[in-house]
Amino acid sequence: MKKIIIAVSLFITPFSYCQTAEEYLKKGVSKVDLNDHQGAIADYSKAIEINPKYGDAYFNRGVSKVELKDFQGAMADYSKVIEINPNDDDAYYNRGLVKADIEDHHGAIADYTKAIEINPNDNRTYYNRGNSKFDLEDYLGAITDYSKAIEIESNDGRYYYNRGFAKGKSNDNPGAIADYSKAIKINPNKDIYYFSRAVSKVDLKDYHGAIEDYSKAIEINPKDSEAYYNRGYAKSDI
């Protein structure tokens with residue numbers, strides 16, 4: 001997500017003081033640092049009153065509205081940023097995230113695609129477009145997007161894990177296992193990675209390998225009742 005923009009304060013003479021839009025933006029950022037999103041929104045709104053074309057203020061206000069679960073308000077602000085600057089890929093990306101949050105995955109994909117047209121080198125956008133495609137059961141499309149995210153950033157275990165999960169949904173269990181193994185190599189402390197690899201191993205009737213992975217998942221998360229159940233089920237199949 002786009003970093004909140006911190007504006008530089010303008011020089012003020014000691015004889016008069018009139019806060020500028022940039023100063024209200026800076027005040028809003030300071031309030032975000034204190035987790036005061038309502039106060040931040042008030043300051044960003046004041047900046048917008050002074051300068052109705054201030055894209056950064058709309059963007060930041062949208063970010064704070066998301067934090068307060070005002071998704072419709074956030075989308076309106078990101079749309080205003082896009083109206084002011086149609087080439088702001090971060091605004092399309094953030095609006096896509098909000099649409100995904102409200103289960104509008106077709107709309108999210110459209111926004112992610114526009115962001116990619118503007119900036120084709122952002123791994124986050126491919127990853128999140130892949131997530132929306134996955135939720136629409138377009139597993140091959142999701143795999144393509146996860147693969148592109150990996151091409152750009154190869155050291156994020158989530159990308160391999162999600163691609164593995166999509167491969168499992170596509171009945172490519174060997175491919176899924178390979179991706180889960182890569183995710184584990186990057187982050188060996190994620191129990192869900194071992195759990196999901198075990199599921200694929202069961203599908204391939206590798207029960208000993210599945211038991212080993214369920215046991216590792218339990219070692220990391222001893223409260224995972226499903227891992228205990230699945231391990232017992234795998235043991236009964238030996």
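Predicted model: local features only at pLDDT ≥ 70, side-chain atom pairs only at ≥ 80, totals over all residues.
Residues are numbered from 1 along each chain as its sequence is written, and side-chain values use heavy atoms, with hydrogens and water left out.

| Pair | N to O distance |
|---|---|
| Asp-43 and Lys-31 | 2.9 Å |
| Glu-117 and Lys-114 | 3.6 Å |
| Arg-129 and Asp-145 | 2.8 Å |

Arg-129 lies in helix H7 (residues 123–135) and Asp-145 in helix H8 (residues 139–152), so this pair ties together parts 16 residues apart in sequence. Helices here are DSSP runs (H or I, at least four residues), numbered from the N terminus. Both Arg-129 and Asp-145 are buried, where buried means under 20% relative accessible area, exposed over 50%, and partly exposed in between (1.4 Å probe, protein chains only).

Asp-43 is also buried, at 5% relative accessibility, while Lys-31 is partly exposed at 25%. By contrast, Glu-117 and Lys-114 both sit in helix H6 (residues 105–118), 3 residues apart, about one turn of the helix. Glu-117 is exposed, with a relative accessible area of 56%, and Lys-114 is partly exposed at 32%.

Technical notes
Salt bridge = Lys/Arg side-chain N within 4 Å of Asp/Glu carboxyl O. Helix = DSSP H or I, 4+ residues; strand = E, 2+ residues; numbered from the N terminus.
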